[in-house]
Amino acid sequence: MRLLVLGGTAFLGRHVTIAALDRGHEVATFTRGVSGDPPEGARALHGDRDDPDALPAALGEWRPDLVVDTSCRTRAAARNAAAALAGVSGYAFVSSLNAYRNWPPGPVGAEDGEPTWDTDDEDYGPDKAFAEREIGAAVGAGLLTARAGLVIGPYDYVYRLGWWLARVARGGRVVVPDEGMDQPIALVDARDLADWLVAMAESGQGGAVNATGPAGMTTLAGLLEVCREVTGGDAEWVRVPEADLEAAGVQPWQHLPLWLPRGTARTAWDVDTSRARELGLVTRPLAGSVADTWAWQQTDTRPRYSPLGLPAPGLPEDLEAALLAGR
């Protein structure tokens, strides 16, 4: 079938394109053209999603049967996709757990029992919830809304797991959050999510699904131990109390990626993913995901970034040195 990937050149979108090609589809990607070329075999279409004329012009006579949307970040992009793609038979839309009003801190139960944002605020969560409604009204029963959590794997330029891998590989004494080491974490490999998204679009499966790893699959300590094993580093964890981190200006999630404060951590990772499992979303072994990310990271030198305009994640060296002093 003809499958359009909105996105398709960076991280999840790239894996979606590969999965769709591997499953025998005729694939086109639609991007601004600034993040590189799509995988070999895909047709590259270019344009700005916020421009209502761009997608119809790029498509021309090529009309997709299926869509996987990995790149919708604005309300204009949602409106334009809804207007141009209403006739497709399957549309898998990558939303976010941020579409829920109460996440974070959560917890998040079954999808049909949790309220989503319905405000006019132009912010990440409300914008995702708006896109779900806008595209859903156009596509109907064939829209799958995948409310994604933490996604990892090769081509992850956002550099959350990547920063930890690089820092652990460098070795020595490494600042870690004392109370945060036993916080549970759930995550999903981009390749597993991508293959599942394509399968859902193929089947015309609709509805909302919490698309992340199972609750309790690992902890921050467990993930960092895997990083140490994969990189072969001699990192020594220096556990710094949360109060000291906060007093020093260490920002959760930004300076120490994946760390959330005690009041948020336990409930934020408690997400019901039973429907995703019933629909076939798998979770490969964590060690494989981390090892593959590290292997890719050592060969790819392109800049790391935040998709929300923040600096690349990681603890500045001078701040780490100050925290380590006297410990």
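**Charges, salt bridges and backbone features of the model**

D48 sits in the loop that runs between β3 (43–46) and α2 (54–59). In this predicted model, D48 has a relative accessibility of 39% and therefore counts as partly exposed.

The protein as a whole contains 12 helices and 13 strands. Its radius of gyration is 20 Å, close to the 20 Å that the globule rule gives for 327 residues, so the protein is as compact as a globular protein of that length. Along the principal axes, the C-alpha atoms fill a box of roughly 65 × 40 × 35 Å. Of the 327 residues, 53% are buried.

The count of salt bridges comes to 19. One of them joins R147 and E132, whose closest N and O atoms are 2.7 Å apart. This pair links distant parts of the chain, 15 residues apart: R147 belongs to strand β6 (residues 143–148), and E132 to helix α4 (residues 124–139). Both R147 and E132 are buried.

A salt bridge is also formed by D178 and R239, with 2.9 Å between the closest N and O atoms. D178 lies in the loop between β8 (173–177) and β9 (184–185), while R239 lies in strand β13 (residues 236–240), so the pair ties together parts that are 61 residues apart in sequence. D178 has a relative accessibility of 27% and so counts as partly exposed. R239 is likewise partly exposed, with a relative accessible area of 44%.

R284 and D192 meet through their side chains in a salt bridge with an N to O distance of 2.8 Å. This pair, too, links distant parts of the chain, 92 residues apart: R284 is in the loop between α10 (274–278) and α11 (286–297), and D192 is in helix α6 (residues 190–203). R284 counts as partly exposed because its relative accessibility is 28%. D192, in contrast, has a relative accessible area of 10% and is buried. R284 and D192 also belong to a network of salt bridges that includes D189, R191 and D292.

Another aspartate, D69, is found in strand β4 (residues 66–69). With a relative accessibility of 0%, D69 counts as buried. The C-alpha atoms of D69 and L197 are 9.4 Å apart in space, although the two residues are 128 residues apart in sequence.

The backbone was also examined for cis peptide bonds. W103 and P104 are joined by a cis peptide bond with an omega of about -15 degrees. A cis peptide bond also leads from G106 to P107, with omega near 0 degrees. P104 is placed in the loop between β5 (90–96) and α4, and P107 is in the loop between β5 and α4 as well.

F11 has a phi of about 55 degrees and is not a glycine. F11 is located in the loop between β1 (2–6) and α1 (12–22), and its relative accessibility of 13% means that F11 counts as buried. Y159, also not a glycine, has a positive phi of about 75 degrees. The loop between β7 (150–152) and α5 (160–170) holds Y159. The relative accessible area of Y159 is 16%, and Y159 is buried.

Definitions and conventions: Residues numbered from 1 in each chain as written. Predicted model: local features only at pLDDT ≥ 70, side-chain atom pairs only at ≥ 80, totals over all residues. Heavy atoms only, no water. Helix = DSSP H or I, 4+ residues; strand = E, 2+ residues; numbered from the N terminus. Buried < 20%, exposed > 50% of the residue type's maximum accessible area, 1.4 Å probe, protein only. Rg over C-alpha atoms; globule rule 2.2 N^0.38 Å. Salt bridge = Lys/Arg side-chain N within 4 Å of Asp/Glu carboxyl O.
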